[in-house]
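User: I'm new to this one and would like to learn how to read it feature by feature. Could you walk me through it?

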Amino acid sequence: MGIIGNYAHGFREGIMIRGAALYDGGFGRVWYVDAKTGADGNSGKRRDRPFLTMSKALAQVDSGDTILFRGKVREQLSTPVGVHDVTIIGAGNRPRHADDHTESSGARGSSGATWTAPASGSTASPLLQVNQQGWRLYGTTWQLSGSATACVLLHKTDDAGDSERDGAHAELLYNKFQGTVGAAAGIGVQTNGIGFWKMQDNLLFGFATAIAKTGAAGGQVGWGELIGNRFSDNTNGIVSPLYRFLVKGNYFLATHTKEVDLTGGTANIVTENVFMGNYDACVPGTGDFWFNNYSLDTTSGEVDDTTGQTTAVPAA
């Protein structure tokens, strides 16, 4: 991933990804959350004085701030109204469960970064609803549990002015979105009509639908990128009316009914993806450009039976 970081007490002081700063100690404030050893009475402004809960951090943030967290967050939250361009970073090296160490009772534990539903009293809502533009979510294991319906909802309303909620221009990078393998349910990343957003280098598995557009607000989901993500053991992969999206370099592994369904979308570029299921179960949008993809479904008339390279849009 090309990450460069400086470390102190388990939290990064600076993070670069492919040459772009996720957090470099520049604009905005930095808040720290340790879901195991923090305290909401702390300042949250120092690595050694972290908050305990993400809700406390979200109550403090302003546009341009960064939240670094570790441990297991067990909360269902909405981002604050009128706050944009916040980055939430899981402080572990690679998205994994923030389980306690078992080697000794005195071990610190919870060095990973997990966000899941409360142990009891979860509601039929996402783990995190993003209400304003430019939020970035990085390096976190999002685990659907309890009554939660989705890991992340990029939310939009059709209101005007300050009453509008619009989670557009979001970035979801290097996360693990985890449902239940063998009992797929819920949604990994849900939108209801936002645009200009990006998902890259994420793993999504065990969902009824990994990425889905639901509801009427916002219409098509436009002008974004889905790049280098892996989909496995979901009932469906992407089900969304994408508009002028780039869908590139994704891997759709086994057990999908529909790997990509872009019904209602139009003019997308779908290229360099690998489809391991029924290629003709995919549904292109109107006027899509599907080229240089690969499929194991060599019985399809749109797949070269020697090379596996696709020769046309699916014949759904």
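Analyst: Let's begin with a term: buried means under 20% relative accessible area, exposed over 50%, and partly exposed in between, using a 1.4 Å probe and protein chains only. With its relative accessible area of 36%, Ser63 is therefore partly exposed. Before we go on, note that this is a predicted model, where local features need pLDDT of at least 70, side-chain atom pairs count only at pLDDT 80 or more, and totals for chains, interfaces and linings use all residues. Residues are numbered from 1 along each chain as its sequence is written, and side-chain values use heavy atoms, with hydrogens and water left out.

User: Where does Ser63 lie?

Analyst: Helices (H or I, at least four residues) and strands (E, at least two) are DSSP runs, numbered from the N terminus. Ser63 sits in the loop between helix H1 (54-60) and strand S5. Its C-alpha atom is 9.5 Å from that of Thr87, and the two residues are 24 apart along the chain.

User: What about Gly301: buried or exposed?

Analyst: Gly301 has a relative accessible area of 67%, so it counts as exposed. You'll find Gly301 in the segment after strand S30 (294-295). Between the C-alpha atoms of Gly301 and Pro314, 13 residues apart along the chain, the separation is 8.9 Å.

User: How do I read a sheet, and in what order do the 7 strands come?

Analyst: Two strands pair if DSSP finds at least two bridges between them. Here, 7 strands make an open sheet with parallel pairing, in the order S6-S9-S12-S15-S18-S22-S26. Strand S6 (77-78) and strand S26 (258-261) are the edges, each pairing on one side only.

User: Which strands are joined to S15?

Analyst: Strand S12 (residues 150-154) runs parallel to S15, joined by 4 bridges, and Leu154 has Thr191 in S15 as its bridge partner. Strand S15 (residues 187-191) also has 4 bridges to strand S18 (residues 209-213), again running parallel. There, Ile187 is opposite Thr209, while Val189 has Ile211 as its bridge partner. S15 is largely enclosed by the rest of the structure, because 5 of its 5 residues are buried.

User: Which residues cover the two faces of S8?

Analyst: In general, side chains in a regular strand alternate between the two faces of the sheet. In strand S8 (residues 113-116), Ala113 and Trp115 are on one side, Thr114 and Thr116 are on the other, and all are buried. Strand S5 (residues 66-74) runs parallel to S8 with 4 bridges, and Gly71 has Ala113 as its bridge partner. S8 is also joined by 3 bridges to strand S11 (residues 141-143), again in parallel, with Thr114 opposite Thr141.

User: Which residues have a positive phi without being a glycine?

Analyst: Most residues other than glycine have a negative phi. Asp233 has a positive phi of about 60°, and it lies in the loop between strand S21 (230-232) and strand S22 (236-239). At a relative accessible area of 28%, Asp233 is partly exposed. Ala267 also has a positive phi of about 60°; its loop runs between S26 and strand S27 (269-271). Ala267 is buried, at 17%.

User: What does the side chain of Asn175 contact?

Analyst: A polar contact is a pair of N or O atoms within 3.5 Å; within protein, one must be able to donate a hydrogen and the other to accept it, and residues adjacent in sequence count only if both atoms are side-chain atoms. The side chains of Asn175 and Trp142 make one at 3.3 Å. A polar atom of the Asn175 side chain is also 3.0 Å from the backbone oxygen of Leu173. Asn175 is in the loop between strand S13 (171-173) and strand S14 (176-178), and counts as buried at 2% relative accessibility.

User: How many disulfides does a search find?

Analyst: A disulfide is a covalent bond between the sulfur atoms of two cysteines. The search counts a pair of cysteine sulfur atoms within 2.5 Å, and over the whole structure it finds 0. As for individual cysteines, Cys151 is buried at 0% relative accessibility, and Cys282 is buried with a relative accessible area of 0%.
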